[in-house]
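Trainee: I would like to go through this structure with you. Where do we start?

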Amino acid sequence: MQKKIIQVSDIHFGEKTFSQDLKNNLLKQVTDENPDLIIVSGDLTTHGYVHEYNDASTFLDELESITEIHVIPGNHDARNVGLVHFEKQVGERKFIHHDKSGGFAIIGLDSSEPDINDGQIGVDQLEWLKNELNKIPDDICKIVTFHHHLLPIPQTGRERNILLDSGDLLRVFTDYGVDFVLNGHKHVPNVWMLEKMVTLNSGTATTRKLRGHTYPSYNELLIDECGIFVNLINTETGYKKELANYSVEVDGNEYSISSYNHNTLHLP
Ligand SMILES: [Fe+2]
């Protein structure tokens with residue numbers, strides 16, 4: 001059975017380039033898409049202030065009226081002791097979602113650190129992650145999401161804020177057979193394939209804090225037993241473009257990506 005996942009990030013209530021029109025477009029487009037699951041991978045707010053969280057909370061309620069959602073914080077959400085509002089108004093800062101009929105599981109992690117833009121997963125959360133990955137059957141797609149980027153993103157200027165413990169995390173992902181990683185943060189969509197693992201970054205869905213020729217966007221993943229399609233959706237126009245597609249196989253009870261195709265990015 002095919003399952004549709006929407007990944008949005010970098011919403012940024014309180015940011016001067018935040019656009020109500022883009023937010024309204026997003027809500028309408030996602031309603032029309034009628035996904036099975038929505039992942040919000042960080043930066044709902046800009047300064048972590050309570051009034052930004054109030055707006056974010058209303059937005060999340062609207063998404064939740066469409067389908068099940070899971071949310072993790074980003075660096076901006078952790079500013080000014082913002083995580084107390086996150087926990088009160090949004091909920092837990094990490095999550096596990098098992099979809100048996102869809103053949104996938106998603107683990108969400110908190111990569112934020114108070115008042116700094118750098119991020120890390122940290123030793124305790126890494127141990128928790130290993131424990132949870134051990135519980136996921138090997139024959140389904142293992143997905144992990146967190147806000148900061150795991151790998152450098154082209155066309156984003158000088159590299160900064162890459163996850164501080166990205167090396168340790170890469171080791172865990174490789175050892176535990178993680179297939180897909182979903183990140184945000186840089187406001188530039190991108191996809192990399194490293195060994196047999198995909199790292200997919202989403203753009204900013206609702207702001208015009210954009211780099212180069214990129215546009216406000218978010219990701220759509222279509223997962224079934226034969227493969228995974230990734231589409232990039234332009235929040236401004238609704239235009240959908242295939243970013244990547246993957247064939248998958250279950251060999252000796254081990255789910256893996258067997259071949260892939262990545263398409264050209266950043267075209268208007
Ligand atoms: Fe961020």
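**A helix, a loop and a sheet**

Mentor: Of the 13 residues of H4, the number buried is 1, so this helix lies largely in the open. Buried means 20 or more other C-beta atoms within 10 Å of the residue's own, exposed means 12 or fewer, and partly exposed is in between; C-beta atoms are placed from the backbone. Helices (H or I, at least four residues) and strands (E, at least two) are DSSP runs, numbered from the N terminus. This is a predicted model: local features need pLDDT of at least 70, side-chain atom pairs count only at pLDDT 80 or more, and totals for chains, interfaces and linings use all residues. Residues are numbered from 1 along each chain as its sequence is written.

Trainee: How far apart are the end C-alpha atoms of H4?

Mentor: H4 covers residues 123-135. The expected span is 1.5 Å times one less than the number of residues.

Trainee: Is Pro137 buried or exposed?

Mentor: Pro137 sits in the loop between H4 and strand E6 (141-145). Around Pro137, 12 other C-beta atoms lie within 10 Å, so Pro137 is exposed.

Trainee: Which are the edge strands of the open sheet of 6 strands?

Mentor: The order is E4-E5-E6-E7-E9-E8, with mixed pairing. Two strands pair if DSSP finds at least two bridges between them. Each edge strand pairs on one side only: E4 (95-99) and E8 (190-194).

Trainee: Which residue in E6 stands opposite Gly108?

Mentor: Strand E5 (residues 104-108) runs parallel to E6, joined by 5 bridges. Opposite Gly108 stands Thr145.
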